[in-house]
Amino acid sequence: MTTMTAMNDGCAVSAELRGDCMFFAKYASCMLGCAATCSRIQKNINRMASAGGYDVELTILPAHCIVTLTDADGMSYSHSSTIAHLPNDYALNTRLSNLSWRVAEGKLTLAEAKAEFPKLLEGQRYNDWIVLLLVAAANAAFCRIFGGDWRGMCIVAVATLIGYTFKILLTRQRVNYMVVTTVSAFTAAVVGTAGYVFDGITSTPEVALATSVLFLIPGIPYINSVNDLLTDHYLCAFSRFAKATIITACITVGLTAAFLLMKISFSDL
Amino acid sequence: MTTVLEIFSDGLLAAVAGIGFGAISNPPRMALKYCGLIAAFGHMTRYCMINLGGIHIVPASLAGAFVVGLLAIICAKRVKCPPETFAFPALLPMIPGIYAYKTIQAFLLALTASGEEEFNHFLYICQSNGIVFFFVIIGMAVGVLIPIYIFKKISFSVTK
């Protein structure tokens, strides 16, 4: 996460105001990165700023957020922070929201909150391989919901296991998310064509193939984008929608490449 | 009896999907089981409305999401997490993913169309899937937000 400081009115600004402003900017950037909604971030920051005796303005841009903090003497300071590249993390969202309440209720000072903040970012995630099994079961259940048979569910589970493994391994190598999505969709879809390749293995090959890549659909960004749209955060809404659409396009490219490789017609789906 | 079994079977599958897809978003451990439970009730609501009531997927998704939002508020109070922690992962089984990528796939295939008829066919698939996807997502977001904003005080203070 890189940060950039904006200039204020040219007067000397206290180190406390500067430090608090930088903290709020980093806090907002982490909240945005872990998929919190704009309305929640706004409320959390307002709550902490009020407790510290500040007025705060938060500007959320597609890749940055800018916090302008004004103290009781009318001195203001702005700080811009690049939105952190974090995976969706509701546990982190919960911890950071709780931090804002502890500051608002006077259980923590802003200085103590700043000291605790880096520790909160280091919370544990679920083990990747346990998530892999849960996602495979989830996608197989999806296949059943869409009318797939038991053999179709097995194909989808295997396709998901392989596709999601690629996602885990490539993400660990810090490969670009578009490449990760395309490769994962391609491998999952190639396995998902098993119903066509091995004739008669399942009576619903089209359902198995169509659902094999659904674990990659960026559901949370789509819901967040509409949420932001309905709460007047249009810019963030469109940037989240654009990113979700790019991921969906990458899934489609991977799926279409698998269709071409396995010589399957679009009309089969 | 068969219908009741089908409804519960739909709920069970949605719960598995809710837990599995929810785990990707790393909800607190205490919250994960509630994601599954809420997903089941939301999806069963939509299933009943579509299959028993003959209602279109858009209003049915709105109603399902409304149920998800209401239950998320109750669970949020119990586990002290933001309601989005339960509601958004629980909505994932209702996301019309197939509509989403069929929209883009048909859009790409329109490029390769050899004549006007084929081009119009792909454009039709693109538009029809895109419209359904767009309105289902809007309906889901509106449905889940109504309870969250009706009970705004609870929604934004549960993490105290």
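Guide: What follows looks at one helix pair and then at the chain around that pair. The model is a predicted one, and the part to look at is the meeting of helix H2, residues 38–51 of chain A, with helix H3, residues 90–104 of chain A, whose axes come within 8 Å and cross at roughly 25°. Because angles under 35 degrees count as roughly parallel, H2(A) and H3(A) are roughly parallel to each other, and their crossing is left-handed. On the side of H2(A), the contact is made by A:Arg40, A:Asn44, A:Arg47, A:Met48 and A:Ala51, while H3(A) brings A:Leu96, A:Ser97, A:Ser100, A:Val103 and A:Ala104. Sorted by class, the residues of this contact comprise 5 nonpolar, 3 polar and 2 charged.

Turning to the chain as a whole, chain A has 11 helices and 4 strands, and its C-alpha trace spans about 75 × 35 × 30 Å along the principal axes. The domain assignment divides chain A into domain 1 (3–120) and domain 2 (128–268), with 35 Å between the centres of the two domains, taken over C-alpha atoms. The contact between them takes 8 residues from domain 1 of chain A and 9 residues from domain 2 of chain A, and the side of domain 1 that touches domain 2 has 5 nonpolar, 3 polar and no charged residues. Of the 269 residues of chain A, 49% count as buried, and among contacts between residues at least 6 apart in sequence, 68% join residues at least 24 apart.

Definitions and conventions. Residues are numbered from 1 along each chain as its sequence is written. Chains are lettered from A and ligands numbered from 1 in the order in which they are written. This is a predicted model: local features need pLDDT of at least 70, side-chain atom pairs count only at pLDDT 80 or more; totals for chains, interfaces and linings use all residues. Axes are lines fitted to C-alpha atoms, for helices over the stretch in contact, and angles run from 0 to 180 degrees between N-to-C directions. Helices (H or I, at least four residues) and strands (E, at least two) are DSSP runs, numbered from the N terminus. Angles under 35 degrees count as roughly parallel, over 145 as roughly antiparallel, 65 to 115 as roughly perpendicular and the rest as oblique. A crossing is left-handed if the near helix is turned anticlockwise from the far one by less than a right angle, and right-handed if clockwise. Two residues are in contact if their C-beta atoms, placed from the backbone, lie within 7 Å. Ala, Val, Leu, Ile, Met, Phe, Trp, Tyr, Cys and Pro count as nonpolar, Asp, Glu, Lys and Arg as charged, and the others, Gly among them, as polar. Domain bounds come from an automatic or database domain assignment. A residue is buried if 20 or more other C-beta atoms lie within 10 Å of its own, exposed if 12 or fewer, and partly exposed in between; C-beta atoms are placed from the backbone.
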